[in-house]
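Hello,

Here is the structure I promised to pass on to you. Please open it first, and then read my notes below with the picture beside you.

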Amino acid sequence: MRYRRLGKFGLKVSEIAIGSWMTDVSDQKTQDIAEATIDLAISKGVNFIDCADAYSGGAAERFLGRILQKYPRKELVLSSKVFFPTGKDANGRGLSRKHIFESIEQSLANMQTTYLDMYFCHRFDHETPLEETLQALSDLVDQGKVLYYGVSEWTPVQLLEALIIIKEKGLHPISVIQPQYNIFDRYIEHEMMDVCERHGVGIVPFSPLSQGLLTGKYRQGQAIPEGSRATYQDQIQAMLTEENLEKVEVLINISGRLDTDLASFSLAWALRKSAISCLITGATKPEQLENNLKALAVEITPEIEQEIDALFEFKKFNRKIG
């Protein structure tokens with residue numbers, strides 16, 4: 001396993017991490033599979049495991065809290081998130097000081113730990129003053145309940161506004177962001193990646209395989225595999241367009257030339273950027289994790305980069321005046 005620093009900060013995370021968004025903990029059989037996947041990940045050197053209080057209504061956090069007790073806490077990098085509703089009361093959602101303070105206590109109890117290495121604002125809260133949110137998160141760092149905090153799916157302007165407030169008030173810094181990033185969705189390359197590099201903020205993307213579109217399981221002219229995510233999830237269903245599937249076929253050919261599969265190639269492509277600290281993958285079975293780890297041996301050459309840019313007609317936004 002290789003490790004990268006979290007932006008300019010000292011924390012080191014494995015280039016491949018495990019996310020819990022799609023972890024099925026609905027019965028003992030699925031929990032056993034999920035535990036075997038995490039056990040394999042840790043045995044292979046994966047140290048970063050990401051979760052959120054909203055995943056499976058808190059069951060994902062409780063599952064991790066139970067199975068991770070067999071590992072030394074200091075060897076793990078654990079994260080969770082706050083924003084989405086955790087109750088029916090008026091204050092059971094968002095990024096108010098009240099909800100943040102109550103949510104961190106519940107997450108710590110669920111995950112059976114005294115601190116989280118990273119704590120993310122799951123989304124931006126337009127109803128709470130940004131100063132209130134940032135002060136609360138900085139206070140959690142002072143209390144030792146959070147070591148590094150960050151945001152997920154904020155805009156560059158929102159992040160920059162937060163960085164200004166943090167500097168003015170002398171708060172603990174935002175250390176990390178968790179955006180979506182993959183071959184089909186490169187929006188962070190236009191502005192966000194530059195902002196993060198300038199300020200030393202780490203980037204730990206989720207959905208590097210585009211909800212499964214970049215796994216190779218969805219092919220042009222073939223039926224959707226039984227039991228796959230596309231049989232029940234709107235997000236991946238919307239992406240299975242003829243245009244996207246045509247691109248998948250081209251990507252499969254490119255990955256074949258590198259003697260690898262589409263999933264490994266796609267992860268290696270995302271890791272080509274030094275601004276990326278690690279990739280949060282949603283492996284739900286040990287064999288999926290094994291395959292994802294193959295990405296660490298795949299080299300993306302400048303020629304391959306240019307070929308991908310041409311396929312997607314990608315050009316970084318740059319408005320010239322005069």
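Predicted model: local features only at pLDDT ≥ 70, side-chain atom pairs only at ≥ 80, totals over all residues.

Asp194 belongs to helix H6 (residues 192-199), while Lys316 sits in the segment after H11, so the pair ties together parts that are 122 residues apart in sequence. Asp194 is partly exposed, with a relative accessible area of 34%, and Lys316 is partly exposed too, at 38%.

How many salt bridges does a search of the whole structure find? The search gives 18.

- Asp139 and Arg97 meet through their side chains in a salt bridge of 2.8 Å, N to O. This pair links distant parts of the chain, with Asp139 in helix H4 (residues 130-142) and Arg97 in helix H3 (residues 97-110), 42 residues apart. Is Asp139 buried or exposed? Its relative accessibility is 15%, so Asp139 counts as buried, whereas Arg97 counts as partly exposed at 33%.
- Lys145 and Glu105 also meet in a salt bridge, at 2.3 Å from N to O. Lys145 is in the loop between H4 and strand E7 (146-151), and Glu105 is in helix H3, 40 residues apart. Lys145 is partly exposed, with a relative accessible area of 22%, and Glu105 counts as partly exposed at 38%.

There is also a network of salt bridges, which links Arg186, Glu189, Arg272, Glu305 and Asp309.

**The sheet**

Next, please turn to the strands. An open sheet of 8 strands runs in the order E9-E8-E7-E6-E5-E4-E3-E10, and the pairing is parallel. Which strands stand at the edges? They are E9 (202-203) and E10 (279-281); each has a single partner strand, so one side of each is left without a neighbour in the sheet. For E10, the pairing with strand E3 (residues 16-19) is in the parallel sense, over 3 bridges.

Helix H8 covers residues 242-257, which makes 16 residues. From its first C-alpha to its last, H8 reaches 23 Å, close to the 22 Å expected at 1.5 Å a residue. Which residues of H8 are buried? They are Asn244, Leu245, Lys247, Val248, Glu249, Leu251, Ile254 and Ser255. Among the elements that cover these buried residues are helix H7 (234-239), helix H9 (262-271) and helix H11 (302-312).

After H8 comes Asp259, whose phi is positive, near 60°. Thr260 lies in the loop between H8 and H9. The relative accessible area of Thr260 is 16%, and buried means under 20%, so Thr260 is buried. What does Thr260 touch, leaving aside residues up to four places away in sequence? Its contacts are Ser255, Phe265 and Val298; Ser255 is itself one of the buried residues of H8. As for Met192, Thr260 is 68 residues away from it in sequence and 30 Å away in space, C-alpha to C-alpha.

Enjoy exploring, and do write back with any questions.

Best wishes

Definitions and conventions:
Residues numbered from 1 in each chain as written. Heavy atoms only, no water. Helix = DSSP H or I, 4+ residues; strand = E, 2+ residues; numbered from the N terminus. Expected span 1.5 Å × (residues − 1). Buried < 20%, exposed > 50% of the residue type's maximum accessible area, 1.4 Å probe, protein only. Contact = heavy atoms within 4.5 Å. Pairing = 2+ DSSP bridges. Salt bridge = Lys/Arg side-chain N within 4 Å of Asp/Glu carboxyl O.
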